[in-house]
Amino acid sequence: MDWLRIGAFVMLIFYHVGFSFTPWGFQTPTRGVVQWAEIPLLGLSAWRLALLFAISGYASAALFFKEPDTGAFLRSRLLRLGIPLLFGLTVIVPPQPYMGLLNSGYTHGYGYFLIHDAFSFRQVIHESLPAVMHLWFVIYLLAYTVALCFALMLLPARCRMALRQGAEKVFAGPWLIAAGILGVYAVRSVGGEWTDTHSVSNDLSAHLHYGGMFLFGFLLRGSDALRQAIARQWQPALAVGLAGYAFVALEAWYFPGNVRTPRAWLEPLDFAKAVQCWGTVIALFGIADRFWNRDARWRGTLVEAVFPVFIAHQTVMVLVSYWLRDKGLTALPEFLTLCVTVAGGSWLFYLAGREIGPLRPLIGLKRVRTLPRPQVVTVPSTAA
């Protein structure tokens, strides 16, 4: 699961960089829209966040099972997620709306922006401030964690066991793929479209979807039956996910960019996204269990770096994008430059922050750095 988590966040960097070149709109200026760029990104769009929330649920369960005291678990998650969230919202995120305002004619300096506008709870030109930007993910994750902990504290053990057994009956069997697809399609139909608001108080479809994936990951960590079901069915799930993506890509080919999708296509498109989402997530869980269930020298470092890199990457991307906009680059060199600089800048943010004790909790790391213990390998005797 660690390798899957690492890969998911690396993918996020490429996705956000590529987003700047699509017709969908983003605050970073580029050398122009690349019409076909949306098709490969649509290969990730339907399932990338669902996967991240499912992995987060799995990781939360792993932490909870080590110390199954709900109150202590909740306190630790509030500190581990809440402190970097506050730091990110007040220090890391503000350069993003500021650069967007500069691009729209804002004439004040950054100091003035921080004092007068950044935390004013109003709209300045086109920016609603204070901005959350990509840290909406952490806010949602905190909300789901709090809700889960209250459920664990309030629900009797018998009720919790019945819910777990019911979920296992649905998913840990032949209905794994079909039930998941129907579930995703049903919750996404609540809002009428596959669009998130990133506002924690007004995003019902996303909460049902991402909160459900968070709970699925939590269930998976403690269910050997579900893990075996995924091991048996990940290959057909992959085929199903690719079929869903084929329809999504076909729609983008016929109705590219901001061209309105005909009404007759909308329901099939939403269903195809549900198929793509669930099929891909199950396939990736199965692939990770089958092929990536092994250790490596860099695994611990990369796992530790994931959260700090996530906190920094979008601000680095915005700053580099504005620096690049007058360099006369065409789309491909600009894309490659952004990928390298965003990955490198985010990695440097992690390397610098991890070495300074007081900064470690601010970027999501433990206050005291723990070095990995050397493993003792016992060689079996070959004597007869």
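**Core notes**

I started at W278 in this predicted model, and found that W278 touches F171, L176, I177, G180, I181, V184, M213 and F216, leaving aside residues up to four places away in sequence. Next I looked up the largest nonpolar core, which has 100 residues. W278 is among those with the most contacts inside it, together with L51, F53 and F285. I then checked which helix gives this core its largest share: helix α13 (residues 299-324), with 13 residues. There is also a second, separate core of seven residues, including I39, L42, A252 and L269.

**Helix pair**

How do helix α1 (residues 2-19) and helix α2 (residues 38-45) pack? I read an angle of about 140 degrees, with the axes 10 Å apart. Angles over 145 would count as roughly antiparallel, so α1 and α2 are oblique to each other. Their crossing is left-handed. On the α1 side I listed M11, Y15, G18 and F19, which meet L41, L44 and S45 in α2. I sorted the residues of this contact into five nonpolar, two polar and no charged.

I noted a cis peptide bond between L129 and P130, with omega about 0 degrees. P130 sits in the loop between β2 (127-129) and α7 (136-154).

Then I turned to positive phi values. F121 is not a glycine, yet its phi is about 55 degrees. F121 lies in the loop between α6 (110-117) and β1 (122-124), and is exposed at a relative accessible area of 69%. I125, also not a glycine, has a positive phi near 55 degrees. I found I125 in the loop between β1 and β2, where I125 is partly exposed at 45% relative accessibility.

Notes: Residues numbered from 1 in each chain as written. Predicted model: local features only at pLDDT ≥ 70, side-chain atom pairs only at ≥ 80, totals over all residues. Heavy atoms only, no water. Core = buried A, V, L, I, M, F, W, Y, C linked by side-chain atoms within 4.5 Å. Buried < 20%, exposed > 50% of the residue type's maximum accessible area, 1.4 Å probe, protein only. Helix = DSSP H or I, 4+ residues; strand = E, 2+ residues; numbered from the N terminus. Contact = heavy atoms within 4.5 Å. Axes fitted to C-alpha atoms, helices over the stretch in contact; angles between N-to-C directions. Parallel < 35°, antiparallel > 145°, perpendicular 65-115°, else oblique. Left-handed = near helix turned anticlockwise from the far one by under 90°. Nonpolar A, V, L, I, M, F, W, Y, C, P; charged D, E, K, R; others polar.
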